[in-house]
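Q: I would like to learn how to read the features of a two-chain model step by step. Could we begin with the charged side chains and then turn to the interface?

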Amino acid sequence: MKLHRILALVNRHLMLYKRSPQRLMEIVYWPLLDLMVWGFITMYLARYKEGLPAFVTFFLGALILWDILFRAQQGICISFLEEIWSRNLLNLFVSPLRTGEFLAATMTVSIIKVIGAAIMTIGLAYLFYSFNLFMIGLSLVPFVINLVVTGWAIGIFTTAIILRYGQEAEVLAWGLAFLFQPVSAVFYPISVLPPWLQTIANGIPAAHVFEGMRAVIETANFPLTELLWAAGLNVLYLAGAILFFNGMFRIVKAKGLLVRVGE
Amino acid sequence: MAHSVVEVRKLTKRFERVTAVNEISFEIYQGEILGMLGPNGAGKTTTIQMLLGVTTPTSGQIRILGLDLNRRREEILGQVNFSSSYVSLPQSLTVWENLRVFAQLYHVRNYREKIDRLLSVFEIAPLRDTVSRKLSTGQSTRVSLAKALLNDPKILFLDEPTASLDPDIADKTRSMLKTIRAQSGLTILYTSHNMREMEEMSDRIIFLNKGEIISTGTPAEIMKRYQGEDLEEVFLKVARGKT
């Protein structure tokens with residue numbers, strides 16, 4: 001791994017934002033709309049559910065945290081798609097760049113986007129709804145890190161499929177993360193799911209993160225078991241996604257498809 | 001005699017039932033411009049892709065600068081470069097930004113001076129801060145060539161570098177490449193469908209057809225062998241199976 005090659009790609013993506021403000025939409029526009037719609041719905045419902053503890057905290061917290069996962073996944077996929085859209089992939093891979101460096105750069109870009117989107121949504125949630133995400137406490141930090149890693153794993157997996165099957169698979173970049181949402185226990189606990197879906201949900205790192213967040217709010221105890229489950233599953237999924245990407249890259253090179261991605 | 005910087009032995013590429021390249025062997029010598037010629041589907045692009053490590057050969061061996069491409073990819077690719085009129089640079093970045101990204105990728109020292117010098121050589125210095133999407137085809141080609149020379153490559157792979165350029169710009173581009181070759185001893189592998197260009201540029205030509213090398217030699221030798229007045233005539237004979 002060479003740092004200068006990772007930084008070269010990170011710079012390349014950051015320069016895009018300087019010149020092309022419309023790209024900020026993914027960091028500003030969608031999170032803002034989500035926050036406003038769901039935020040006001042939550043406020044409205046909370047009027048009729050006065051007995052339900054921390055209703056606003058649950059919903060807005062879940063919304064902001066889900067957005068972190070989604071932005072982390074998007075950060076990986078969009079960085080890759082930018083190379084396809086600009087027909088630059090071949091220029092990159094005829095250079096000494098390694099796939100590991102390429103992925104490290106997209107992960108770094110993803111972190112930067114997550115931080116940007118999170119600052120904005122947390123700030124706006126405070127402004128509109130007086131909701132302070134940090135009241136959940138520092139215990140949130142390891143859970144947020146886990147969400148980012150889950151986003152990376154989904155992003156790398158999606159990117160590998162786009163690499164193999166071309167731009168026709170591009171729609172996955174926007175849709176695949178949402179496939180995991182119903183079983184990620186984002187807005188409701190795992191216990192409301194039917195038993196067979198609960199089994200699936202227990203294998204999803206994000207589900208343990210959201211269960212953990214609810215436990216923090218409800219009991220103020222740090223849910224170490226949920227954190228360990230999330231971290232363990234994330235290590236497995238991230239390693240699996242990287243192996244899958246490398247496997248797809250080998251197939252693409254064997255089939256001579258690298259030059260055709262994006263055509 | 002110059003030593004070989006590219007050695008290809010029995011290189012084969014099969015895509016399922018199609019054999020795109022069939023056991024070809026050749027060498028490229030230090031400072032040489034080798035033209036790769038052949039009709040569509042002859043295996044030129046597949047061969048270049050294998051030499052650049054972006055397509056995996058089915059069998060055979062590639063040694064570049066004395067190193068095995070399969071094992072020393074990173075080391076080799078840091079010393080070669082590539083330009084094609086069919087590959088572009090990020091459109092939303094300026095010329096300078098694009099070159100800076102690639103300079104960083106190739107770990108070019110004193111990249112500011114280097115970029116400025118290349119912009120000047122290719123007569124695109126006034127376009128330094130122009131966004132790439134606003135460049136004409138000829139200007140984009142020159143930026144792409146500047147990118148290809150950023151790391152002072154020992155070998156340059158050029159896939160139809162002058163395609164879609166007008167005759168004036170194409171001529172200027174050829175002159176620039178010849179000047180750079182004369183100054184730096186750069187080795188170039190060149191493909192083009194412009195036969196006059198191949199005659200003018202190439203020290204030696206490899207003629208590919210249906211994945212096999214059917215002839216090698218200087219342009220004059222090949223014309224003599226196929227009894228053609230120029231390479232275009234030879235090309236048409238081969239492409240139409242009249243040899």
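Q: Which residues are linked in a network of salt bridges?

A: Side chains of opposite charge can pair when their charged atoms come close. A salt bridge here is a side-chain nitrogen of Lys or Arg within 4 Å of a carboxyl oxygen of Asp or Glu. In this predicted model, such bridges link Asp171(B), Arg174(B), Lys178(B), Glu197(B) and Glu200(B) in a network.

Q: What should I keep in mind about numbering and confidence before reading further?

A: Residues are numbered from 1 along each chain as its sequence is written, while chains are lettered from A and ligands numbered from 1 in the order in which they are written. Because the model is predicted, local features need pLDDT of at least 70 and side-chain atom pairs count only at pLDDT 80 or more, whereas totals for chains, interfaces and linings use all residues, and side-chain values use heavy atoms, with hydrogens and water left out.

Q: Which parts of chain B does the pair Lys178(B) and Glu200(B) tie together?

A: The closest N and O atoms of Lys178(B) and Glu200(B) are 2.9 Å apart. Lys178(B) lies in helix H6 (residues 167-184) and Glu200(B) in helix H7 (residues 195-201), so the pair ties together parts that are 22 residues apart in sequence. Helices (H or I, at least four residues) and strands (E, at least two) are DSSP runs, numbered from the N terminus.

Q: Are Arg204(B) and Glu32(B) buried or exposed?

A: Buried means under 20% relative accessible area, exposed over 50%, and partly exposed in between, with a 1.4 Å probe and protein chains only. Arg204(B) and Glu32(B) are both buried, and their salt bridge has its closest N and O atoms 2.5 Å apart. Arg204(B) lies in strand S9 (residues 204-209) and Glu32(B) in the loop between S2 and strand S3 (33-37) of chain B, so this pair ties together parts that are 172 residues apart in sequence.

Q: How far apart in helix H3 of chain A are Asp67(A) and Arg71(A)?

A: Asp67(A) and Arg71(A) are four residues apart in this helix (residues 55-85), which means a separation of about one helical turn. They form a salt bridge with the closest N and O atoms 3.4 Å apart, and the relative accessible area is 7% for Asp67(A) and 4% for Arg71(A).

Q: What is the nearest side chain of opposite charge to Arg142(B)?

A: Lys and Arg count as positive and Asp and Glu as negative, with His and the chain ends not counted. For Arg142(B), which is buried yet has no salt bridge, that side chain is Glu123(B), 4.5 Å away. Arg142(B) is placed in helix H5 (residues 137-149) of chain B.

Q: How many residues of chain B are in contact with chain A?

A: Contact means heavy atoms within 4.5 Å. By that criterion, 33 residues of chain B meet 30 residues of chain A. Buried area is the accessible area (1.4 Å probe) that two parts lose on being put together, summed over both; between these chains it is about 3000 Å², of which carbon and sulfur atoms give 56%. Val54(B), Glu74(B) and Leu105(B) supply 22% of the area that chain B buries against chain A, more than any other three residues.

Q: How many salt bridges are there between chain B and chain A?

A: The count is four, and among them is the bridge between Lys18(A) and Glu97(B), with the closest N and O atoms 3.2 Å apart.
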